[in-house]
Amino acid sequence: NPLKLPAPTQQIIITKSAISSGVTPSSLPPNLLVHSLDEPYSHVHLIVQNKKKKFTQRQLDELSLELAVTLDDTIPNDKSVLITASNIDPNNKPIDPKSIIKKARTKHLKTHSLDTPMNTLPWPSSSPFSLSACKIVEHASIDKSPTDDDTSEIVSIDGLVCSSLRSSLLDLLSPSDVEKREKKIDSIFWKKGAYDDVAGEDGKGYGLNDEMMIALNSDNVEPSAITELGRRVKGYLEDVNDGCPIRLTKLPSSVFGPHVAPLGGNAPTHSDGSTFDWHIDGDPSLTPPGAFRDYYGLYNNRVGGDKPRFVSALVYLNEDWKEEWEGGTEFLDLPSEETYKTRVKPGRVVLLDSDITHRVTTPNKLAGEDRPRYSIVLKLLIRKERKTKKSEDNVVVLARKTPDDKYIGSAKA
Ligand SMILES: O=C(O)CCC(=O)C(=O)O
Ligand SMILES: [Fe+2]
């Protein structure tokens, strides 16, 4: 039997609660005392008092749930509330809501794997990787905010994924004959119509079948090539962020639900025609209600600090690719409708803000009707592990600025 949220006259008395700024005291039931904390999220902590007994953790959780339901109508839609409860201290010691909240937040992060770092065990490969072999091919800014300087970014990098890592990554999408897979999709691993660029809608292109997706996304046995890809992206980012440690977290299922996995594969062919839709990979200002939003709230992708940047790492995986075959990834500057396209090269990595509107393009006729252009996508949440005083320095940068940088559409201004 769930506990009912008590009226003030009942034997359980809610003596105190804490809630962040952002939810106005008047929107809460009158039997709660509101304590405003300067925290970036909304949190209510109940301190309950029962004259006869202490509540078990389970009962406290149920009480929190009850309150969550009660508060649902009173909290503005864009706010999420984390609710916790504890017994009043029997010795009447003052309770410090800040420390209770801190503990609850840490537990919440862990329970939902919101900030779990990617594995960084070195790859048992013969070819060691060195950042000095990396070359930034192109760095583009796109989609500038009309109110501030915030723009999304796209960086193409060569040399980060060497040829042995490239082929190991392709093995995860098509562990078949190395020569055959370059020319034609192996329908043992790929299913026509399984490509869903818009979550929940089947596309017409090839997508990995369910077993392949499960193996690719397994955390228990993370494929070592994925670990190595993460390790190299981390090394690259730490380098361009002046040595600041960067935390990489694979997009947890608690952000968009289990149907949006952190890893996916693509294999567009010329015969697919123009079947690929514009989409975004993720945006923290558009997360659905759930554990992620409860913790971070809704926010702009590049606010930095503790709030991770949603970034996708895309790698082109063919062993052979001629530039004139095209098949790059296309990006859309929404305000101007100008587009930008990356160029495909074996092992090229494209880091992109996940909130940019983009789509797969198919290779042209020169590639042949059925030659697939493979890519793997790793969706990440990235943040700095160390804070600096200037808040703009708390945003992870994807590349240093150079005079060669490209500015697309609204980003030109
Ligand atoms: O392979 C590409 O060009 C882009 C893939 C993509 O956007 C995705 O898988 O989300
Ligand atoms: Fe995408």
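Helix 3 (residues 163–173) and helix 6 (residues 224–240) have axes that approach within 9 Å and cross at roughly 130 degrees. Helix 3 is therefore oblique to helix 6, a class left over once angles under 35 degrees (roughly parallel), over 145 (roughly antiparallel) and 65 to 115 (roughly perpendicular) are taken out. Axes are lines fitted to C-alpha atoms, for helices over the stretch in contact, with angles from 0 to 180 degrees between N-to-C directions. Helices are DSSP runs of H or I with at least four residues, strands are E runs of at least two, and both are numbered from the N terminus.

This is a predicted model, in which local features need pLDDT of at least 70 and side-chain atom pairs pLDDT 80 or more, while totals for chains, interfaces and linings use all residues. Residues are numbered from 1 along each chain as its sequence is written, and side-chain values use heavy atoms, without hydrogens and water.

Ser152 lies in strand 6 (residues 152–158). Ser152 counts as buried because its relative accessibility is 2%; buried means under 20% relative accessible area, exposed over 50%, and partly exposed in between, with a 1.4 Å probe and protein chains only. Beyond neighbours within four places in sequence, Ser152 is in contact (heavy atoms within 4.5 Å) with residues including Ala140, Asp143, Arg302 and Asp353.

Lys110, in helix 2 (residues 97–111), is exposed, with a relative accessible area of 68%. Between the C-alpha atoms of Lys110 and Leu237 there are 24 Å in space, and the two are 127 residues apart in sequence.

Conventions. Chains lettered and ligands numbered in written order.
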